[in-house]
Amino acid sequence: MRVFAVAEIRMNELDPVSVELLNLANEIKADGSAEAIVLGKDVSEFANELSKYSDKVWKIENDSLENYNPEIYADVLIQLFQKEKPDVILFPNSSRGAELAPLISTRLDAPIVTDIVGLDFSNGVKAKRYIFQGKLMVDILVKDADTYVFTVRQGVFKEGKEIGGEIVDVKIEPTVSPARQFISIIEPEVGEVDIAQADIIVSVGRGIEDESNIELAEELAKALGGVVAGSRPVIDSGWLPKDRQVGISGKTVKPKLYLALGISGAFQHIMGMKDSELIIAVNKDPEAPIFGVAQYGIVGDIFEIVPALIEKLNQIKS
Amino acid sequence: MKIGNGGESLKIFVLAKHAIDTESEIRLKDEKSIDEKGLIYDINDWDRYAIEEAIRLKEMHGGEVTVIGVGNNEDTLRKCLAMGADRAIKIPLETGMDPYKTALAIKDVISEENFDLIIAGLMSQDCNNALVGALLASMLNLPFATAVTSVKVEDGKLRVTRELEGGYQEEVILQLPCLITVQSGINEPRYVSIMGIKRAKSKEIKEVDVKVDKEMIELERMYLPPVKKAELITGSADEIAEKLIEIFKEKGVI
Ligand SMILES: Cc1cc2nc3c(=O)[nH]c(=O)nc-3n(C[C@H](O)[C@H](O)[C@H](O)COP(=O)(O)OP(=O)(O)OC[C@H]3O[C@@H](n4cnc5c(N)ncnc54)[C@H](O)[C@@H]3O)c2cc1C
Ligand SMILES: Nc1ncnc2c1ncn2[C@@H]1O[C@H](COP(=O)(O)O)[C@@H](O)[C@H]1O
């Protein structure tokens with residue numbers, strides 16, 4: 001099989017997920033090839049890096065590819081795919097892959113499965129993914145087709161080896177005038193507290209129930225000498241400022257202690273805190289996925305555990 | 001067309017899914033289905049933000065909001081009408097976990113209509129595909145943007161920000177008609193008022209039958225994900241607090 005992996009360049013850096021796509025491509029290619037595609041204005045450096053893990057790298061350089069535009073990118077990719085006829089096309093499950101993959105899927109009439117964590121071609125085409133934000137897993141049987149499109153979850157296919165391949169420079173000009181126009185990149189807001197620098201983080205999720213209960217977390221953070229952070233719903237509700245959000249669309253933190261209170265442990269959250277030195281989770285649901293990354297877990301109510309903990313900590317201090 | 005300049009108004013379609021709430025107790029009945037006992041259904045969380053954004057745009061620029069749902073239930077459509085949607089279209093088709101089928105069905109219905117803007121949620125809280133919106137845009141050949149965090153109508157175009165990784169955002173301009181999928185937090189969805197519910201009673205839910213034969217995927221098996229489990233700390237709240245403090249001391253946290 002010819003397996004194509006569309007590499008991701010973000011903020012002028014090669015996202016490591018690109019190599020993970022190639023690891024997967026090498027795993028499933030059988031006697032075929034793992035081929036990387038890298039597009040942009042000036043991507044030679046990235047093509048060199050990608051060539052270590054691929055049989056072939058397709059390097060497409062063009063001034064109109066400087067800023068990501070889904071219509072232009074898809075048009076250029078389709079031109080390559082129509083000529084090269086890949087069997088499988090892999091994208092990262094990123095903000096960009098989530099736009100490009102469905103576009104390519106529709107144009108090629110190729111079945112698509114998103115956010116996969118496993119892929120098996122031994123007996124039909126089977127993709128593995130989570131549903132219910134990590135609570136259940138499904139095996140999906142994909143109907144026979146000439147080409148398949150997948151977006152791949154980051155952090156899953158980390159193992160692989162270097163093979164060393166050639167770089168092919170292809171000239172492809174976009175043929176569309178896009179109806180979407182790129183304007184600018186907006187930097188993250190900077191607040192007073194940088195949670196990425198904190199040693200102790202008390203992090204609250206939807207389980208905190210109400211804005212008035214944030215105080216409880218503040219009190220615990222104070223007793224521990226740490227700061228308060230939160231999962232996305234808490235920030236969406238405006239209970240904590242945006243720069244306190246932990247996760248893929250927020251901050252990545254690695255404190256000495258991460259105390260997760262009423263957080264279910266969706267993948268998008270876990271990506272932002274899994275490398276913390278010590279993770280302790282309090283959740284009333286024994287099946288909550290957060291217990292899969294925590295070293296210690298408490299199945300219980302945060303409104304019983306937290307006040308007891310604050311009291312004990314304050315006793316020690318006085 | 002001079003939308004947003006005091007000229008013509010906006011015709012908006014919103015996609016809303018009646019979905020299993022993540023707070024539900026999810027137990028498997030067999031390899032292919034979930035035990036209905038303990039399941040709570042509600043409007044998909046991302047679609048609450050979608051309908052709210054549509055109603056706000058209508059309040060600002062005038063126009064009409066139509067909500068579309070694929071499936072047999074009407075509760076979510078009723079809720080959207082009560083929030084302020086003008087019309088609802090129900091496509092009574094069970095599409096299961098196949099986002100391609102859902103998109104095809106909606107495409108069939110929407111291509112018969114006039115519209116300036118389609119708003120979907122970024123993702124369904126049960127299936128987590130984040131596909132239907134982008135697939136539909138692609139099938140209808142519309143410009144689109146996913147994970148939108150703000151919307152402004154400007155010179156007959158849409159100026160939006162979309163969420164990237166790590167707190168970054170990107171600003172783009174879309175020509176109309178177009179499609180956006182909205183990210184949570186884009187607005188503060190309103191509560192359904194008693195007045196809204198009363199007014200919604202007289203609003204019609206139109207049923208449109210659609211046949212979709214094409215299938216791209218099939219569910220083979222559902223199961224609990226294999227996970228390594230945390231060491232559990234048990235006891236009364238006080239005992240747990242004491243054990244936690246021991247762990248903190250041992251690990252040098254305090
Ligand atoms: C593109 C994209 C980007 C995203 N980025 C992020 C991100 O950066 N960060 C992020 O966090 N999420 C992000 N999300 C959202 C993510 O998918 C989840 O929806 C979110 O993390 C869930 O937050 P939560 O755990 O607080 O809420 P829920 O999933 O609702 O979980 C609440 C938990 O609290 C527990 N609970 C309730 N009451 C109590 C109580 N009294 N005591 C103890 N436990 C209780 C419940 O059992 C439940 O497990 C993103 C999603 C998408 C699609
Ligand atoms: N059955 C459905 N009826 C109406 N809209 C839907 C349906 N399924 C998905 N959608 C829309 O598509 C979005 C993404 O869903 P999904 O691709 O399943 O993650 C949702 O937020 C809805 O706006």
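**Terms and values**

Analyst: Helices α5(A) and α8(A) are roughly parallel to each other, since an angle under 35 degrees counts as roughly parallel. This is a predicted model, in which local features need pLDDT of at least 70, side-chain atom pairs count only at pLDDT 80 or more, and totals for chains, interfaces and linings use all residues. Residues are numbered from 1 along each chain as its sequence is written, chains are lettered from A and ligands numbered from 1 in the order in which they are written, and side-chain values use heavy atoms, with hydrogens and water left out.

User: What angle do α5 and α8 of chain A pack at?

Analyst: Helix α5 (residues 214-224) and helix α8 (residues 302-317) of chain A pack at about 30 degrees, with their axes 9 Å apart.

User: Which residues of α5(A) meet α8(A)?

Analyst: With contact meaning heavy atoms within 4.5 Å, A:L216, A:E219, A:L220, A:K222, A:A223 and A:L224 meet residues of α8(A) that include A:F303 and A:V306. The residues of this contact divide into 10 nonpolar, 1 polar and 3 charged.

User: What makes the pairing of A:H269 with ligand 1 a polar contact?

Analyst: A polar contact is a pair of N or O atoms within 3.5 Å, and a polar side-chain atom of A:H269 lies 2.8 Å from an oxygen atom of ligand 1; the pair therefore meets the cut-off. An oxygen atom of ligand 1 is also 2.8 Å from a side-chain N or O atom of A:Q245.

User: Where does ligand 1 lie?

Analyst: Ligand 1 lies between chains A and B.

Technical notes
Axes are lines fitted to C-alpha atoms, for helices over the stretch in contact, and angles run from 0 to 180 degrees between N-to-C directions. Helices (H or I, at least four residues) and strands (E, at least two) are DSSP runs, numbered from the N terminus. Angles under 35 degrees count as roughly parallel, over 145 as roughly antiparallel, 65 to 115 as roughly perpendicular and the rest as oblique. Ala, Val, Leu, Ile, Met, Phe, Trp, Tyr, Cys and Pro count as nonpolar, Asp, Glu, Lys and Arg as charged, and the others, Gly among them, as polar. A residue is near a molecule or strand if one of its heavy atoms lies within 4 Å of it. A polar contact is a pair of N or O atoms within 3.5 Å; within protein, one must be able to donate a hydrogen and the other to accept it, and residues adjacent in sequence count only if both atoms are side-chain atoms.
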